[in-house]
Amino acid sequence: MTDDHTHTHVLDFFTPRAADWDSRFPDDGPAYAAAAGLLGLRPGDAVLDAGCGTGRALPALRAVVGPEGMVLGADLTPAMLEAAVRAGRGASGTLLRADVARLPLRDGALDAVFGAGLISHLARPEADLAELARVVRPGGVLALFHPIGRAALAARQGRTITDGDLRAEPRLRELLAGAGWRLESYTDEDDRFLALAVKQG
Ligand SMILES: C[S@@+](CC[C@H](N)C(=O)[O-])C[C@H]1O[C@@H](n2cnc3c(N)ncnc32)[C@H](O)[C@@H]1O
């Protein structure tokens, strides 16, 4: 695995935040459950939570694919995965230390990928989104989610959003198209960001 400056940045950012991650956002559960319900998953399907962190989405993803389904959670930051284990999230899915740029999965293995709070942390978003497309079957779904909208998040962080923002709709549509996805729906409200895309091919 390459551990270039970007990965160092991710580890430096998330390692000290891991232990408190869930307690900082105690009310997000219903939003994750609602988002998981919009992926069109059916019992028995296979889904990856890319950049799963402490695995907050895993119980909701397990609920939609059922006991026969496959739920994977992949993250680069060991401390986030350790927090996931402590929180019992391993009961809902298999936790992997992996870079979304290089997933240990065969082509088309999955029905869907869920990525919450992930895309703005990717160093090579188009290449990484293309790797996510590789592991999803044609017609499968990618959900890019955040339990807060872009403007509300920027205000919380003392920033303003611009059209150059990776998650601005035209930019995201183009980025996804270049990576093998077609943007199907885009929601950016105060309490939810959700972009749903379908794997082409
Ligand atoms: C904002 S956190 C969100 C965590 C979780 N999805 C949630 O909603 O609580 C972003 C996560 O993405 C992970 N991450 C960032 N870049 C990654 C990469 N290239 N491969 C895998 N995980 C990555 C970080 O380690 C971190 O846990």
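Which pocket does the ligand take up? The space taken by the ligand is the largest pocket, a pocket being, on a 1 Å grid over the protein atoms alone, an open set of points with protein on both sides within 12 Å along at least five of seven lines. This is a predicted model, in which local features need pLDDT of at least 70 and side-chain atom pairs count only at pLDDT 80 or more, while totals for chains, interfaces and linings use all residues. Residues are numbered from 1 along each chain as its sequence is written, and side-chain values use heavy atoms, without hydrogens or water.

Next, select the 20 residues around the ligand (a heavy atom within 4 Å), among which Tyr32, Gly51, Asp75, Thr77 and Asp99 come nearest.

Then display the polar contacts (pairs of N or O atoms within 3.5 Å). A polar side-chain atom of Trp21 lies 2.9 Å from a ligand oxygen atom, a backbone N or O atom of Gly51 is 2.7 Å from a ligand nitrogen atom, and a polar backbone atom of Leu76 lies 3.2 Å from a nitrogen atom of the ligand.

Methods. A polar contact is a pair of N or O atoms within 3.5 Å; within protein, one must be able to donate a hydrogen and the other to accept it, and residues adjacent in sequence count only if both atoms are side-chain atoms. On a 1 Å grid over the protein atoms alone, a cavity is a set of points where a 1.4 Å probe fits but cannot get out, and a pocket is an open set with protein on both sides within 12 Å along at least five of seven lines; lining residues have an atom within 4 Å of a point. A molecule sits in a cavity or pocket if more than half of its atoms lie within 2 Å of its grid points.
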